[in-house]
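Work through the exercises below with the sequence and the structure side by side. Try each task before reading its solution.

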Amino acid sequence: MSQKDLDRIWRAVLGELEVSMSGANFKTWVKNTHLLELGDTQAVVAAPNIFARDRLEHNYNGEILSALQKQEPSIESITYQIKTASTAAEEDIRLDRPTEKPTTPQKTKQSANNRQSQISLPKNLEAKYNFTNFIVGSGNRLAFTAARQVTENPGESYNPLFLYGPAGVGKTHLMWAISFEIARSHPDFKILYVTSEDFTNNFINAIRKGEKFADTYRTVDVLLVDDLQFIAGKEKTQEEFFHTFNALHQANKQIVLCSDRPPKAIATLEDRLRSRFEWGMVADIQLPDFETRVAILQSKASSRQFDLPDNVASHLAELLQTNIRELEGALTRLIAHCQANATPITTEIVDQVIGGGATARPSRTTLSPKIVIEKTAAFYDLTTADLIGPRRDKEIVVPRQVAMYIMREELGISFPRIASSLGGRDHTTIMHGVRKINAELTKNDSVSHEIKTLKQKILNG
Amino acid sequence: MKVSVIQENLSKALNVVSRVVGNRSSLAVLSNVLLKANLGRLEVIGTNLEIAIVYQVGAKVETDGSLSVPARLLTELINSLPSDKLLLNAAAQNLHIKTTNFESTINGIASEEFPNVPVIKPTTSLSFPAATLVTALSQVGFAAAVDESRPVLSGVVFSVRGKELLLAATDSYRLAESVVALTQEQKADADFIVPAKTVNELIRILSQYEGDVEVGATETEIEFNMGDIRLVSRLIEGKFPDYKKIIPDKNETEAVVDTAELLSTIKVAGLFARETANTIKLTFEAGKLSISSSAAQVGENQSSLETKLVGDPGEISLNAKYLLDVLTVVKTPTVKLGISGKLNPCLVTPVKGEQDTSYRHIIMPLRS
């Protein structure tokens with residue numbers, strides 16, 4: 001019996017146990033188990049650690065056995081072993097320079113003919129978005145490694161793979177790279193790349209025309225959905241997506257999702273969807289650090305056969321600290337400028353063209369408290385009236401404090417002024433709010449990520 | 001359960017044990033510590049399912065029994081009590097705590113719900129002085145990878161080889177190896193990867209402890225017995241990469257410098273390298289080692305140290321933070337830096353006598 005069959009049986013067993021046990025017990029003890037072997041009368045189950053093994057043997061053996069017997073009636077007993085899920089064959093050690101380009105094998109000639117079976121893979125994007133030209137740095141290593149794993153064993157290693165990070169850090173790049181790579185290694189696979197907007201529109205159209213919607217989506221081998229956050233709040237679409245997701249996941253088809261925030265932080269996302277998104281691997285992509293930015297500039301310049309001196313690259317990377325899209329834009333402008341004027345590129349030219357830091361960061365003076373409040377409200381799915389108003393529900397208080405924090409930190413305006421812009425609160429309330437968020441930031445990663453994303457949104461206009 | 005115990009003793013135990021207890025676990029009992037009175041001893045037990053610590057506290061046991069109570073609450077409570085004799089009394093699901101002029105009751109969870117701490121039947125047993133182990137661990141522990149995308153690198157590998165125990169860790173940018181002599185020669189070689197979190201807890205506990213540490217390991221678990229404290233941890237599954245081959249055995253350029261002097265010079269250079277991912281440049285010349293750093297918008301810095309150069313002149317760019325990390329754990333007055341061109345790793349070794357190979361550290365250069 002292949003591991004795939006075992007996994008299928010075990011998923012059914014877990015499904016039953018999830019219903020019969022308490023949620024916390026299931027999550028702690030049973031969720032991360034696997035079926036290793038299925039003999040005539042005996043089954044071997046892998047437990048993630050010795051505590052879980054002990055607990056399964058002594059407390060849950062009966063329940064697990066009877067759930068398994070529903071699938072395989074001949075089984076009489078279960079033995080438990082300690083084994084963690086992923087023990088891939090160990091790679092060779094290789095020390096990396098702190099900024100490195102991935103060492104992908106030489107690009108082979110594309111088998112371009114065999115593309116009929118796939119839907120919507122624009123070929124012109126392939127040269128632009130592949131693993132070879134994806135620059136790996138500390139901020140995106142996890143996402144990159146996970147993406148490579150997915151292409152090696154679609155549907156097996158991390159399913160679903162959920163990527164999240166602010167705008168312009170390479171989420172879409174990775175998704176395209178995954179599609180192209182799988183298309184190359186599995187020419188017969190049906191691969192579908194859509195944005196959640198496409199998904200919604202297709203769904204609406206299908207309802208309108210009375211067509212069968214399921215057919216398109218549930219017959220693919222790989223489904224990639226971009227910008228998943230837009231699905232938030234659309235209940236019917238979410239329900240349809242839920243069924244699509246289940247159908248594909250149960251058939252071991254690879255699903256890759258990406259969004260600008262982690263599943264937890266997408267407001268008005270149904271819990272059952274959220275928990276499903278967290279089943280597989282959730283990997284974040286952070287803004288590139290200095291070295292990665294230099295490496296990106298250099299790679300982009302060399303792909304245009306443009307000679308970019310080291311000092312200019314580091315100067316640019318220091319000036320532009322936001323996202324990759326902006327870096328690329330600045331580089332394009334510089335190259336155009338230098339070619340038009342036939343001047344060599346120097347740091348002075350950079351300052352002249354890019355404007356020496358002044359325009360690199362969005363100017364704070366253009367931001368007003370009003371904008372911050374509007375954006376914060378929109379980000380948390382509230383109205384500005386909620387934030388300014390007197391209500392003190394938790395769902396409103398936290399976003400309100402976030403708004404206070406951002407006004408204080410980013411706009412640097414006084415406590416009384418923040419107070420008056422938030423509907424005439426007391427300035428000590430504001431001080432408390434800012435302090436509260438500051439404290440949260442140091443101890444809570446998801447909060448700090450949320451605020452980073454929001455800041456990004458506000459600063460990028 | 002009915003036990004009387006001195007506040008300081010219980011407080012000490014709780015502060016060690018509660019460190020491993022998670023407070024965000026979905027299962028309530030995992031945020032608890034187990035108090036267990038048995039055979040005239042009181043045990044305080046905590047676990048996060050990766051590490052478990054069993055701490056024996058000197059106490060007068062009147063009746064046996066056990067109960068688990070929230071770790072944070074109990075720790076904070078006991079810490080804030082005056083130094084006095086405490087009377088602990090567990091009845092049903094409540095823990096009653098009483099001193100001369102203080103009384104409180106904490107709701108607990110029955111001890112049956114609390115995970116059993118595994119009993120280990122070791123296939124490998126080792127023993128060495130705590131001080132030796134803690135020095136070696138603190139020299140390698142920080143080099144382990146922080147993220148867990150490659151699980152085997154998120155721990156410290158313990159390799160038993162005859163009369164030696166080799167400890168090594170790498171995050172793929174740097175690698176540290178430390179060798180500890182064993183009191184007894186081991187017949188069989190063994191390798192196990194201990195999670196970095198466990199190593200950090202060990203360092204913390206060992207630095208408060210004098211005496212010998214007894215280590216026992218199976219294929220999946222390892223335990224450390226340190227007097228009253230027993231720590232059991234899972235091991236990381238997998239094979240640690242064969243790192244020996246990337247440690248250079250010969251350097252083209254070598255310089256021996258004063259550890260403290262180099263440390264302060266690099267701290268200064270680091271000030272100018274914050275914008276450039278801590279990049280500092282080391283230039284090896286006849287008679288001196290120069291260290292420089294610059295950032296376009298900040299300024300620049302240059303300093304030099306006297307040294308005797310062996311081999312050809314050369315230069316290399318390194319991350320100042322990595323260099324500082326090593327220099328702070330090296331205990332000798334001088335260190336040797338060895339490089340072979342600007343693309344190969346830099347080898348840092350402490351200089352004791354003529355031949356000293358008990359600690360080796362390599363750092364990958366930055367592209368410059």
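**Exercise 1.** Find the helices that the buried residues of H16(A) pack against.

*Solution.* The buried residues of H16(A) pack against helix H14 (369-379), helix H15 (384-388), helix H17 (415-421), helix H18 (427-443) and helix H19 (445-459) of chain A. Helices (H or I, at least four residues) and strands (E, at least two) are DSSP runs, numbered from the N terminus. A residue is buried if 20 or more other C-beta atoms lie within 10 Å of its own, exposed if 12 or fewer, and partly exposed in between, with C-beta atoms placed from the backbone. Among the buried residues of H16(A) are A:Pro399, A:Val402, A:Met404 and A:Arg408.

This is a predicted model, in which local features need pLDDT of at least 70 and side-chain atom pairs count only at pLDDT 80 or more, while totals for chains, interfaces and linings use all residues. Residues are numbered from 1 along each chain as its sequence is written, and chains are lettered from A and ligands numbered from 1 in the order in which they are written.

**Exercise 2.** Describe the side of chain A that touches chain B.

*Solution.* Begin with the count: 31 residues of chain A are in contact (C-beta atoms, placed from the backbone, within 7 Å) with 36 residues of chain B. Next, among the helices that each supply at least two residues of this side are helix H3 (50-71) and helix H10 (290-303) of chain A. Finally, the residues of this side divide into nine nonpolar, ten polar and twelve charged, where Ala, Val, Leu, Ile, Met, Phe, Trp, Tyr, Cys and Pro count as nonpolar, Asp, Glu, Lys and Arg as charged, and the others, Gly among them, as polar.

**Exercise 3.** How many helices and strands does chain B have, and what percentage of its residues is buried?

*Solution.* Chain B has six helices and 26 strands, and buried residues make up 43% of its 368 residues. Leaving aside neighbours within four places in sequence, B:Leu318 is in contact with several residues, including B:Ile280, B:Cys346 and B:Leu366.

Methods. Two residues are in contact if their C-beta atoms, placed from the backbone, lie within 7 Å.
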